[in-house]
Amino acid sequence: MVSNYPAPYESPPEDDLRAAVAGWMTITTALILSWVLGFAAYHRIRDVVPLLSDGQSLDEVDPAIVVPGIGWAVAVLFLVLGSIPVAMRKGRTAIVFGALLAIVVTAVAHLGYDYAATVPQWPLYWGGVVVLVLALLPATRRWVHRLPPPSGATVIGTVGPLG
């Protein structure tokens, strides 16, 4: 009796190791970046709250505190919530948008408000570039959309088509 199921040491034909690694690296870097940006956003927003409670309007507060704080907080939401569909292989749009938003807010903070001179470990804030590159890789697209691996290359451990 011949079975159509792969042997225990073989992986299923739709398994694509490079796509799985790219998908999970995207999720991991997005969550690490969320931690870094969330920490920075928390401190910026924490500095704004006492000023607003003292009767100042949001227009009177220094934009060098408000813009990065709110921008990074929104980017963190998109990165964290966008990681869920990538893990479930449903889509990568939210994580790409979160990475783009993180890049734009970081560029404004560093170039417009000179954060590079005052923030320790400022290169960590540019992690949105890494997340964006990983999210846009063709392997990540294969992971999210469950596309077959590129033709001509057999992934190690896969079973070829049966007779």
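Guide: Buried means under 20% relative accessible area, exposed is over 50% and partly exposed is in between, using a 1.4 Å probe and protein chains only. Helices are DSSP runs of H or I with at least four residues, strands are runs of E with at least two, and both are numbered from the N terminus. You're looking at a predicted model, where local features need pLDDT of at least 70 and side-chain atom pairs count only at pLDDT 80 or more, while totals for chains, interfaces and linings use all residues. Residues are numbered from 1 along each chain as its sequence is written, and side-chain values use heavy atoms, leaving out hydrogens and water.

Visitor: How far does helix α2 reach from its first C-alpha to its last?

Guide: Helix α2 covers residues 63–87, with 25 residues. An expected span is 1.5 Å times one less than the number of residues. For α2 the expected value is 36 Å, and the helix comes close to it, reaching 36 Å.

Visitor: Which helices do the buried residues of α2 pack against?

Guide: Among the buried residues of α2 are W72, L79 and V86. Contact means heavy atoms within 4.5 Å. The buried residues of α2 pack against α1, α3, α4, α5 and α6.

Visitor: How many residues apart in sequence are the parts that W72 and Y125 tie together?

Guide: Rings of Phe, Tyr and Trp (its six-membered ring) pair if their centres lie within 6.5 Å; planes under 30 degrees apart are stacked, over 60 edge-to-face, the rest tilted. The whole structure has 4 aromatic pairs, and W72 with Y125 is a tilted one, 5.1 Å centre to centre and 35° between the planes. W72 is in helix α2 and Y125 in the loop between α4 and α5, so the tied parts are separated by 53 residues.

Visitor: Which helices hold F78 and F97?

Guide: F78 and F97 make an edge-to-face pair, 4.7 Å centre to centre with 70° between the planes. F78 is partly exposed at 32% relative accessibility, and F97 is partly exposed at 41%. The two are 19 residues apart, in α2 and α3.
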